[in-house]
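Here are my notes on the two-chain model, point by point. Have a look at the structure first, then read on.

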There are 2 protein chains.
Amino acid sequence: MAQVDYIINCEFVLADANSGAIKNGSIAVKDGFIFDIFDSRSASVQYEAKRLINRESCLLIPGLINSHTHAAMTLFRGLADDLPLDKWLTEHIFPRESRLTPELIETGTLLACAEMIRGGTTGFVDMYFFEDIIADVVNDVGMRAWLGEGILNFPTPAFASGYEALKETQRLADKWKGHDRINIVVAPHAPYTCSEELLRLSSEMSEKNDYLVIIHVSETRFEVEQSKRERGITPVEYLDKLGLMSDKTIAVHCVHLFDNDIEIICKNNVTVVNCPESHLKLGSGVSPVIKILNSGINVTIGTDGAASNNDLDMFSEMGSASRIQKGINHDPSLLSASQCFSMATLNAAKALKNPLIGSLKKGASADFAIIDLDKPRLRPIYDPVSHIVNVVKDCDVRDTVVNGRFLMEDFSLLTIDWEMLLNKVKNVTI
Amino acid sequence: MAQVDYIINCEFVLADANSGAIKNGSIAVKDGFIFDIFDSRSASVQYEAKRLINRESCLLIPGLINSHTHAAMTLFRGLADDLPLDKWLTEHIFPRESRLTPELIETGTLLACAEMIRGGTTGFVDMYFFEDIIADVVNDVGMRAWLGEGILNFPTPAFASGYEALKETQRLADKWKGHDRINIVVAPHAPYTCSEELLRLSSEMSEKNDYLVIIHVSETRFEVEQSKRERGITPVEYLDKLGLMSDKTIAVHCVHLFDNDIEIICKNNVTVVNCPESHLKLGSGVSPVIKILNSGINVTIGTDGAASNNDLDMFSEMGSASRIQKGINHDPSLLSASQCFSMATLNAAKALKNPLIGSLKKGASADFAIIDLDKPRLRPIYDPVSHIVNVVKDCDVRDTVVNGRFLMEDFSLLTIDWEMLLNKVKNVTI
């Protein structure tokens, strides 16, 4: 009889978006990995478990991966909504970002991690400032993350120049090399905020070391028009010219694409991150996700920062992603629940080149979330995948586990002192 | 010193969408009405309260009003998503609706009420079948409702003809006359499902008795094209001809309107109900809400039934309403949080001709919800109204009160036996 660390019994276990949920399913976890997934009623399967966890009215799913956020921007949540984009940025966000300190970044990131763990998100891709601090926070709280120090043409709160940010990227990559949860990525902010040289250096660093690149691309109509006016080509064409459209690139936003952009993205196996709620809230528009998916491009989902969302709930983000495409294309069969759920799990794992996350299978990392189903909003339940995308919310998550470790158990955060953090957040002035 | 039933102290009390939140606010309730709203730190105000309720880290707001739903359709939640509209209706919804019984309606409505109370919704407008049963459920659970027996050209599970449904409407209106929470409305289903005679009779009943009318109008492009093809006029023009566009009319959907439709709606003081999530999910499109609002028309928000949403959360509905208009009109300043919050409160009160609900003021009905703010997703808090629309979810509501009576207190439903209901819902086969 094989020994495992623990077994969890659930009403449903959903291994991935494409296979059906196992009714009365169980998973066995050992040393941070999934040892087995099975039907609890099957008498033939027997394990000796140090602990047996019963989650009778629950649905266990792979942990969600937030492919794009600026975690510490939780500090700016709801600070100044309903304003024109330039006014919002120049009068409210930029001045406050310039005053960010390592301490504030720590508090904001911790708050973001608390929110994400609370909502069943086990991993996230971050681009912001002071990623050294952010990496420490993530390491402490036990989440998985892909972290990129923001590289820009002008001074950030952390560095005087993009060159220093690039140097920091290399330093962090060396520091965290081989870590099982922290990954460092190259993060040139956008084609319009980086010089051609910074973009070329980012590309070279990525190519040489096999690092992932995250970059904002074609978010607004203005950005695309400016690029065409100034360079005669689109942002995607420009990045392609500089070697920044590769299979290591995660292109965030892509709201305004031409057919040739889609061809470039497809040909180079670039991943596109859709952030539908932020695109709507900032008035950027709606990404042509159906066209992008139909070209065979890998698409994932991100919340963007809490300043433009205003939360980090990947469940509502999946729902928004699905509904908006059905609505504006006048076709309720588009972007099904299973497609959206894949975008938040399997597709993210593919983009991040980690085959051990994004689905539950023997030998995979034990990254998962357990959803409590016994709430009025979640009954009846005909199809767990429909529920995940259309009705589950962050608050329904009862347990969140990364590498086999419970970061939240029975609705209680285990790796974050919430009372202390709340007190800190209440006293933030920025 | 005036005597009151209870006083609640909160971090914030928000009287309505337009006035700022009172920091450290309190409300005093007596005999089901709001006796006073005041700053708790003001020493001059003193009441003798039978009970003092401390909600230190909470935000108290007027109860939300769901202007359009089919409550019992919770039973069909997530039953068959991602399908073309006709297949969804003819193969999945209609066959099951034909098998609805009074018992199923009771269970489905109770589940909807549990979900709505859980989410701070204190009142809802319903159009469905067996409204006699529904009225009893609503009366028992203590919510406020406006109920209309569905009038259609063909047999419903409840009645063999629209004439019988009209007769039932009159019977229910007489039965519940003068009740302080249950209101009966006339509910011809839609211009394309009612004969001209049924529409005329509905109009006459409304005019004669001063009853409100709820009707689905111009939901899909197909409906509008069919009307123009068959009658040469739009559904709105057709209803206007039949006297069904009046200040007593609540026109649900209005996704596809021409300029003349908007003029008719405006001229006659018709209220428009926006159900953005349902419009998107069914592929109907996006209602021209900005144009409608700019014409001076009263607009409210509804979730529609849970089959096409798939929940009854008015918080996420407000968020979707706001974001979608910003996004498709490429302007982040459109449909502000306070406008959306008004749609779910003040505007609904206006449509339903009840000045005692939709805002908190001395003498108003004590219909309110208390939101627990000490969650990672809800901090920091710069602007309570932004939070209500952009980040609060149903699950954050701690207490829901109608006519001064707690229907949920400290997250526990007081008027619904949730264990028993859950068991019933789990055993529903339809």
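1. Starting with the interface: 63 residues of chain A and 62 residues of chain B take part in the contact, contact meaning heavy atoms within 4.5 Å. Bear in mind that this is a predicted model, where local features need pLDDT of at least 70, side-chain atom pairs count only at pLDDT 80 or more, and totals for chains, interfaces and linings use all residues. Residues are numbered from 1 along each chain as its sequence is written, chains are lettered from A and ligands numbered from 1 in the order written, and side-chain values use heavy atoms, leaving out hydrogens and water.

2. How much area is buried between chain A and chain B? About 4,900 Å², with carbon and sulfur atoms giving 59%; buried area is the accessible area (1.4 Å probe) that two parts lose on being put together, summed over both.

3. The rule finds 12 salt bridges across the interface of chain A and chain B, a salt bridge being a side-chain nitrogen of Lys or Arg within 4 Å of a carboxyl oxygen of Asp or Glu. One of them joins B:Lys393 to A:Asp311 at 3.3 Å, N to O. On the side of chain A that touches chain B, α2 (102-118), α9 (276-281), α11 (314-328), α14 (384-390) and α15 (418-426) each supply at least two residues. Helices here are DSSP runs (H or I, at least four residues), as are strands (E, at least two), numbered from the N terminus. The largest share, 7 residues, comes from α11(A).

4. Another cross-chain pair is A:Asp82 with B:Lys326, whose closest N and O atoms are 2.5 Å apart. It runs from the loop between β6 (64-69) and α1 (85-98) of chain A to helix α11 (residues 314-328) of chain B. Both A:Asp82 and B:Lys326 are buried (under 20% relative accessible area; exposed is over 50%, partly exposed in between; 1.4 Å probe, protein chains only).

5. Within chain A, A:Asp396 and A:Lys375 form a salt bridge at 2.9 Å, N to O. A:Asp396 sits in the loop between α14 and β16 (397-402) and A:Lys375 in the loop between β15 (368-372) and α14, so the pair ties together parts 21 residues apart in sequence. Both A:Asp396 and A:Lys375 are buried.

6. Last, strand β15 (residues 368-372) of chain B: 5 of its 5 residues are buried. β15(B) pairs in the antiparallel sense with β5 (residues 47-62) over 5 bridges, and with β16 (residues 397-402) over 4 bridges; pairing requires at least two DSSP bridges between the strands. B:Ile61 stands opposite B:Ala369, while B:Ile370 stands opposite B:Asp399.
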